[in-house]
Amino acid sequence: MTGLFSSTLQLSSSTFNMCSNFFFEEDGESYLRMFLKKSKRVALILDPPFGALARVIGNSLEKLKALVKEINPDAEIVVYWIFPYFLSKHVAEVDPTLKMSHFMVEYENHPVFKKGNSTKSPVRIHTNQPCLR
(Lines give C-alpha, C1' and ligand atoms only; values in the text may rest on other atoms or scores of the structure.)
Protein backbone atom coordinates (compact mmCIF):
# COMPACT_ATOMS: atom_id res chain seq x y z
CA MET A 1 0.00 0.00 0.00
CA THR A 2 1.38 3.38 -0.88
CA GLY A 3 1.68 6.31 1.49
CA LEU A 4 -1.27 7.96 -0.27
CA PHE A 5 -3.71 5.26 0.81
CA SER A 6 -2.20 4.71 4.24
CA SER A 7 -2.48 8.39 5.14
CA THR A 8 -5.99 8.65 3.66
CA LEU A 9 -7.25 5.50 5.37
CA GLN A 10 -5.09 5.99 8.48
CA LEU A 11 -3.72 2.46 8.26
CA SER A 12 -0.29 1.03 8.75
CA SER A 13 1.26 0.19 5.43
CA SER A 14 4.29 -1.00 3.58
CA THR A 15 5.66 0.13 0.22
CA PHE A 16 6.00 -2.61 -2.39
CA ASN A 17 7.64 -2.34 -5.81
CA MET A 18 5.66 -4.42 -8.33
CA CYS A 19 8.50 -4.35 -10.88
CA SER A 20 11.08 -5.89 -8.58
CA ASN A 21 8.75 -7.75 -6.17
CA PHE A 22 10.43 -5.92 -3.30
CA PHE A 23 9.27 -4.49 0.04
CA PHE A 24 11.03 -1.27 1.02
CA GLU A 25 10.43 -1.77 4.75
CA GLU A 26 12.25 -4.53 6.58
CA ASP A 27 9.02 -5.79 8.14
CA GLY A 28 6.94 -5.30 4.96
CA GLU A 29 6.39 -8.95 4.14
CA SER A 30 5.64 -9.91 7.76
CA TYR A 31 3.11 -7.07 7.95
CA LEU A 32 1.47 -8.33 4.73
CA ARG A 33 1.35 -11.91 6.03
CA MET A 34 -0.30 -10.75 9.28
CA PHE A 35 -2.83 -8.69 7.30
CA LEU A 36 -3.64 -11.59 4.95
CA LYS A 37 -4.31 -14.03 7.82
CA LYS A 38 -7.22 -11.83 8.92
CA SER A 39 -8.60 -11.04 5.46
CA LYS A 40 -11.58 -12.73 3.85
CA ARG A 41 -11.40 -10.65 0.68
CA VAL A 42 -8.22 -9.11 -0.68
CA ALA A 43 -8.23 -6.31 -3.27
CA LEU A 44 -5.03 -5.93 -5.24
CA ILE A 45 -5.08 -2.47 -6.83
CA LEU A 46 -2.32 -1.93 -9.38
CA ASP A 47 -1.60 1.43 -10.97
CA PRO A 48 1.86 0.95 -12.47
CA PRO A 49 3.62 3.39 -14.80
CA PHE A 50 2.43 2.75 -18.35
CA GLY A 51 6.00 2.06 -19.43
CA ALA A 52 6.24 -0.91 -17.05
CA LEU A 53 6.21 -4.24 -18.86
CA ALA A 54 2.96 -6.09 -18.26
CA ARG A 55 4.78 -9.43 -17.91
CA VAL A 56 6.94 -7.99 -15.10
CA ILE A 57 3.89 -6.64 -13.27
CA GLY A 58 2.06 -9.90 -13.99
CA ASN A 59 4.90 -11.90 -12.44
CA SER A 60 4.60 -9.97 -9.18
CA LEU A 61 0.82 -10.21 -9.33
CA GLU A 62 1.03 -14.02 -9.61
CA LYS A 63 3.45 -14.16 -6.67
CA LEU A 64 1.15 -12.00 -4.55
CA LYS A 65 -1.88 -14.13 -5.45
CA ALA A 66 0.06 -17.29 -4.56
CA LEU A 67 1.08 -15.75 -1.24
CA VAL A 68 -2.56 -14.89 -0.45
CA LYS A 69 -3.65 -18.48 -1.20
CA GLU A 70 -0.74 -19.92 0.81
CA ILE A 71 -1.61 -17.88 3.89
CA ASN A 72 -5.37 -17.83 3.55
CA PRO A 73 -6.70 -20.41 1.05
CA ASP A 74 -10.30 -19.26 1.54
CA ALA A 75 -9.63 -15.59 0.79
CA GLU A 76 -11.22 -14.12 -2.32
CA ILE A 77 -8.75 -12.17 -4.47
CA VAL A 78 -10.08 -9.20 -6.40
CA VAL A 79 -7.76 -7.50 -8.90
CA TYR A 80 -8.02 -3.97 -10.29
CA TRP A 81 -5.20 -3.24 -12.72
CA ILE A 82 -5.26 0.32 -14.02
CA PHE A 83 -3.64 0.46 -17.46
CA PRO A 84 -4.30 1.99 -20.91
CA TYR A 85 -6.77 0.19 -23.18
CA PHE A 86 -4.16 -0.06 -25.93
CA LEU A 87 -2.08 -2.31 -23.63
CA SER A 88 -5.02 -4.60 -22.77
CA LYS A 89 -3.62 -7.36 -24.97
CA HIS A 90 -0.54 -7.53 -22.74
CA VAL A 91 -2.64 -7.63 -19.58
CA ALA A 92 -4.72 -10.50 -21.03
CA GLU A 93 -1.54 -12.39 -21.94
CA VAL A 94 -0.28 -12.38 -18.35
CA ASP A 95 -3.66 -12.90 -16.68
CA PRO A 96 -6.55 -14.05 -18.92
CA THR A 97 -9.00 -13.69 -16.01
CA LEU A 98 -8.71 -9.90 -16.20
CA LYS A 99 -11.20 -8.17 -18.46
CA MET A 100 -11.17 -4.51 -19.41
CA SER A 101 -14.03 -2.37 -18.14
CA HIS A 102 -15.13 0.60 -20.20
CA PHE A 103 -14.92 3.09 -17.35
CA MET A 104 -12.41 5.84 -18.09
CA VAL A 105 -9.93 6.56 -15.32
CA GLU A 106 -9.18 10.24 -14.84
CA TYR A 107 -6.56 11.72 -12.54
CA GLU A 108 -6.93 14.95 -10.56
CA ASN A 109 -3.25 15.85 -10.84
CA HIS A 110 -2.43 14.57 -14.35
CA PRO A 111 -1.83 17.30 -16.98
CA VAL A 112 -3.57 15.35 -19.78
CA PHE A 113 -5.86 12.70 -18.23
CA LYS A 114 -7.79 14.88 -15.81
CA LYS A 115 -11.53 15.51 -15.72
CA GLY A 116 -12.72 18.29 -17.96
CA ASN A 117 -9.75 18.08 -20.31
CA SER A 118 -10.60 17.83 -23.99
CA THR A 119 -8.38 14.74 -24.34
CA LYS A 120 -10.25 11.61 -23.29
CA SER A 121 -8.32 9.29 -21.02
CA PRO A 122 -7.16 5.98 -22.53
CA VAL A 123 -6.84 4.56 -19.00
CA ARG A 124 -9.16 1.71 -18.03
CA ILE A 125 -9.60 -0.75 -15.17
CA HIS A 126 -8.82 -4.40 -15.93
CA THR A 127 -10.47 -6.65 -13.37
CA ASN A 128 -11.49 -10.20 -12.55
CA GLN A 129 -14.86 -8.87 -11.36
CA PRO A 130 -17.97 -8.85 -13.58
CA CYS A 131 -18.09 -5.73 -15.74
CA LEU A 132 -21.57 -4.34 -16.22
CA ARG A 133 -22.41 -2.45 -19.40
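**Figure 1. Surroundings of aspartate 95 in the predicted model.** Leaving aside neighbours within four places in sequence, aspartate 95 is in contact with Leu61, Glu62 and Lys65. The structure shown here and in the other views is a predicted model. Aspartate 95 is placed in the loop between helix 4 (88-94) and strand 5 (99-100). Its relative accessibility is 4%, so aspartate 95 counts as buried. Leucine 61 in turn contacts Met18, Leu44, Leu46, Val79, Trp81, Asp95 and Leu98, when its neighbours within four places in sequence are set aside.

**Figure 2. The chain as a whole, for orientation.** How many helices and strands does the chain contain? Its secondary structure comes to four helices and six strands. Read from the N terminus, these elements follow the order α-β-β-α-β-α-β-α-β-β. The chain has 133 residues, of which 37% are buried. Among contacts in the chain with a separation of 6 or more, 61% are between residues 24 or more positions apart.

**Figure 3. The largest nonpolar core.** In soluble globular proteins, nonpolar side chains tend to be buried together. The largest nonpolar core of this model has 24 residues, and Met18, Leu36, Leu44, Leu61 and Trp81 touch the most other members. Two or more residues each are given to this core by helix 2 (28-37), strand 3 (41-46), helix 3 (54-71) and strand 4 (76-84). Which element gives the most? Helix 3 does, with seven residues. Two of the residues named above, Leu61 and Trp81, are also in contact with each other. Leu61 touches Met18 and Leu44 as well.

**Figure 4. Packing of helix 2 against helix 3.** Two packed helices are described by the angle between their axes and the distance between the axes. For helix 2 and helix 3, the angle is about 55 degrees and the axes are 9 Å apart. Helix 2 is therefore oblique to helix 3. The crossing of these two helices is right-handed. Helix 2 takes part in the contact through Leu32, Arg33, Leu36 and Lys37, and helix 3 through Leu64, Leu67, Val68, Glu70 and Ile71. Sorted by class, the residues of this contact are six nonpolar and three charged, with no polar ones.

Figure 5. Arginine 33 is found in helix 2. Is this residue buried or partly exposed? With 28% relative accessibility, arginine 33 counts as partly exposed. The C-alpha atoms of arginine 33 and asparagine 72 are 9.3 Å apart in space, while the two residues are 39 residues apart in sequence.

**Figure 6. Arginine 124 and the residues around it.** Strand 6 (residues 123-127) contains arginine 124. The relative accessible area of arginine 124 is 13%, and the residue is therefore buried, since buried means under 20%. What does arginine 124 touch, not counting residues up to four places away in sequence? The residues touched are Trp81, Ile82, Phe83, Tyr85, Met100, Ser101, His102, Phe103, Met104 and Val105. One of them, methionine 100, is 24 residues from arginine 124 along the chain, and the C-alpha atoms of the pair are separated by 6.7 Å.

**Figure 7. Asparagine 21, a residue with positive phi.** Most residues other than glycine have a negative phi. Asparagine 21, however, has a positive phi, near 55 degrees. The residue is placed in the loop between strand 1 (16-17) and strand 2 (22-23). Asparagine 21 has a relative accessible area of 30% and is partly exposed.

Figure 8. With a relative accessible area of 30%, threonine 15 is partly exposed. How far apart in space are threonine 15 and glutamate 29, C-alpha to C-alpha? The distance is 9.9 Å, for two residues that are 14 residues apart in sequence.

Terms used: Residues numbered from 1 in each chain as written. Predicted model: local features only at pLDDT ≥ 70, side-chain atom pairs only at ≥ 80, totals over all residues. Heavy atoms only, no water. Core = buried A, V, L, I, M, F, W, Y, C linked by side-chain atoms within 4.5 Å. Buried < 20%, exposed > 50% of the residue type's maximum accessible area, 1.4 Å probe, protein only. Contact = heavy atoms within 4.5 Å. Axes fitted to C-alpha atoms, helices over the stretch in contact; angles between N-to-C directions. Parallel < 35°, antiparallel > 145°, perpendicular 65-115°, else oblique. Left-handed = near helix turned anticlockwise from the far one by under 90°. Nonpolar A, V, L, I, M, F, W, Y, C, P; charged D, E, K, R; others polar.
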